[in-house]
Amino acid sequence: MAKQKPKSSTPHKPGKDNTKNEKNNHNHSGSTGSTRKHHIDHKHETKPEKKLQSNYLVLFVVSMVVATSTAILLSEDVQKVLIEFTQLGLNPFQEVLNLNDDTTPDDYVMHQEGDTLKKDPKQDAHDKLRELDKNAINRNNDLTQDKQDTGKETESDSNKNSNRASAINKDDMIESESENIQDNSKVKETKHQEEQQNKEQDVKEKKIEGSKKDKPRQEDYGKIVITSKGDYKLRKKLDAADKLLEKGEVAKAMEKFDAILRNKSRSPRAMWGKALATDKLAEQQKSNKLLEEAISLMDEALRLSKTPEALQLIIAEKLADRQAFRGWSHKEANTWKYLIGKHPDNLEFQRKLGVCYMKIGKNEPAREVFRKILSVDPDDGFALVHLGFIMKTADLNYTEAIPILQRGIESKQPGTQDGRFFYHLGDAYSRVDNVEMARKIYQQGADAGIFLSADQRSLYNAQTPLTGRPWWTQEQTTYQPHLKLLEDNWQTIRDEGLAQLDLKTGAFVPEEENLRETGDWKQFTLYQRGRKNEENCKKVPKTCSLLDRIPDAKGCTRGQIKFSVMHPGVHVWPHTGPTNCRIRAHLGLKVPEGPKIRVGNDIRTWKEGKFIIFDDSFEHEVWHEGTELRLVLIVDFWHPELPAHEKRTLSPI
Ligand code: LMR
Ligand code: MN
C-alpha cells in the first residue's frame, strides 16, 4: 500500500534555513573527509604506541612489509572498494573496512615456544594479527576487479587449483612422512650434528646472556610468531632478505630468498618472501603471469607443513586478496576453507569465508558460516552485523534483522562500525515505521562521522568539502545554459522517451534496487558512470545528441542519465544515493496529477518542460497517487564545486 501521507524519517524543522543547513553539511563533509580519508590515514598510521611488546612491534613491521607490495594501489583502490561497498539499496556486499580499530595491543596473546600460538578462544592471536596487518585494507583494494572478473573463472581454473592444492598437500604428506622415517644413519648423523650445533649455540647464547642480562632469548625474537624452528636458524638471512624487500630492492631480495630456498626448499618465510617479491614484480610489470606465479607461491607457502599459524594468517590475507584481484573468488573461498580445515576453532577464518561468499553474492553459504560462528559465540559482533545485513537486504526480513544488526553494531567489535550496517539498520527501522529509531541510528552514524549528516547519508563522498543542500536552483548549479538547452527541447526528448514505452520495442527495465514498497517503476538508461550506452542511444538519437553537448553530465562518472517512468501506485522508500559528488536534475516530460517527491523536508512535484534539481545524497522519497504514468529525464551533473582532479580520478559509481 502506498503511504497516504509523506513521511519523513528525518524531519527538518519547518522553515529551516537552507543556508544554515548548507553550512552544516559543508562542515560535516570536511570533518569526515568521508570515510575514505579515514581509511587511508588509518592505513598509513605507522607508529604504534611506544610501550608495545616487542612481538607486537615486529609483527607490525612484518605486516608493513606485506603491505608494501600493494601500497601503490592504495588510494585509488580504496576508493574503488568504497564505491563497491555501498551502492545503497543494492546488495553488492563488499568486505568491511574496520573503521574503529579499538583493540589495544596490551591483550596480545603470548606465543608458545616453537611454532604455534596459544589460543585464547575469545580474542585469539589472529584477531590481533588481523588488526596489526594493515594489509587488511589492501585486502579490500581490488574488489572492483573481483566483481568484474568473477565470472571469468573457468572450471578448468578451479580444477587446476584443486589439483595443484592436492599436489601440494601430497607434498606436505611426503615431507612429514620422511620426517617420521628418519632411521637411516646419514639422517641421524646430520641430525646429531645439528643438535650439537644447536647446543653449542645455546651455550653461547646463555653465556652472552649471563654477561648481558638484556640479551633477547629465542622467544624474544621479534618475528618469532611467524618463524618456524627451521627458519629460526636462518633468521639473519631471512631478516636481511625481508629488509631488502622492504626497501624496494626486489631483485636483490628475490636472489636472497632463492638462495635460502636452494638449501631449504621448505622454508616458510623464504617461500613467503619470494612470493611477495614476485607479487611486487607483477605489480611493477603489470603482469598477470607473474601475479599467478606469486599466487602459486603464496599458496605453497601457506600449505607448507611448518608454516606457523600466525604466518598462515598473514599469507592467507594476502593470498586471498590477490586471488580476488585476479578474479578468482572461488579460490579465495578455498583458501579460507583450507585454513578452517586446519584450524576449526579459529573464528577469524570463518569470518573471512563468510565475507568472501558475500562478495560473490553467495548469501546462503555466507549465512550458514555466520550462523555457525554465532553458535560458538553468540556475541560475535562481526557475524551479527553480517547476518543481519543478509536478512535485511536479501530476505527483506526487517523485524528479524533489526535486533541482530543492532546488537552487532552495539558490540563495537572490529568490522561492525561500518556505514552499511548503520544505513541498513536505520532503513529497516524506517520500513517498519519506527521513524524515531531510524532517526536515532542515522544521528548516531552522523555523530560517528560515518554519515555527512543524519539526512545526507551517502558513503562515497568527495575529498573536498562540498556544499550540501537538498534542493537546488538552476543558478546554484551553474549549469543554466545546459539546463536551458534541454528544457528548450523537452518535447523532442519526451517523444523519444514515450516511444520507448512501447512494451514490445522499448527497453525500459524495472528498478531492481529494492527501493520500492509498491508499484511499477522503470528506467531506460542512456549514460552510466560517464559512459554512453550506444545501443540505447540509437533508440533516442536526438536526446543523446543534445546530451553529448553537456560534458558535466555525460562525463559524470558518478551518475547516470536515464528516462524514468513511474506508474500510479508507486511508493519509493526513503533512501539516499551513494555519493555527494553529483546533483540530480529531473526534466518533467509527462506529468499528471498525483506524483510527488520529498527531498529533506520539502515535498515538490514536476512540471512538464521544467527541471527540478536536488541532491540525491539527501534522503528522498517518492509517491505516485495519480492515475496516469509520469515520465521524467533524470540527468546527473557533477557537483559544481567538485575540483577537476577529483572528477578525473574518482572511481565510477
Ligand atoms: C529517485 O531518484 O529516487 C527518484 O526520484 C527517481 C524518480 O524517478 O523519481
Ligand atoms: Mn533516488
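How far does a polar side-chain atom of H620 lie from an oxygen atom of ligand 1? The distance is 3.2 Å, which falls under the polar-contact cut-off, a pair of N or O atoms within 3.5 Å.

Before I go on, the conventions. This is a predicted model, where local features need pLDDT of at least 70, side-chain atom pairs count only at pLDDT 80 or more, and totals for chains, interfaces and linings use all residues. Residues are numbered from 1 along each chain as its sequence is written, chains are lettered from A and ligands numbered from 1 in the order in which they are written, and side-chain values use heavy atoms, with hydrogens and water left out.

Back to ligand 1. A polar side-chain atom of H575 is 3.0 Å from one of its oxygen atoms, and for an N or O atom in the side chain of R584 the distance to an oxygen of the ligand is 3.1 Å. On its own the ligand has 260 Å² of accessible area, and the protein covers 98% of that; areas are Shrake-Rupley with a 1.4 Å probe. Residues around ligand 1, taken as having a heavy atom within 4 Å, include W521, S564, M566, I597, W606 and I634.

H575 sits in strand β7 and H620 in strand β12, 45 residues apart. Strands are DSSP runs of E, at least two residues, numbered from the N terminus. H575 is buried because its relative accessibility is 9%, and H620 is buried at 4%; buried means under 20%, with a 1.4 Å probe and protein chains only.

Both strands belong to an open five-stranded sheet, order β3-β7-β12-β9-β10, with antiparallel pairing. Pairing requires at least two DSSP bridges. The edges are β3 and β10.

Finally, β6, residues 560–566, one of the elements giving two or more residues to the shell around ligand 1. Seven of its seven residues are buried, so β6 is largely enclosed by the rest of the structure. Q560, K562, S564 and M566 point one way, I561, F563 and V565 the other.

Definitions and conventions
Helices (H or I, at least four residues) and strands (E, at least two) are DSSP runs, numbered from the N terminus. Buried means under 20% relative accessible area, exposed over 50%, partly exposed in between (1.4 Å probe, protein chains only). A polar contact is a pair of N or O atoms within 3.5 Å; within protein, one must be able to donate a hydrogen and the other to accept it, and residues adjacent in sequence count only if both atoms are side-chain atoms.
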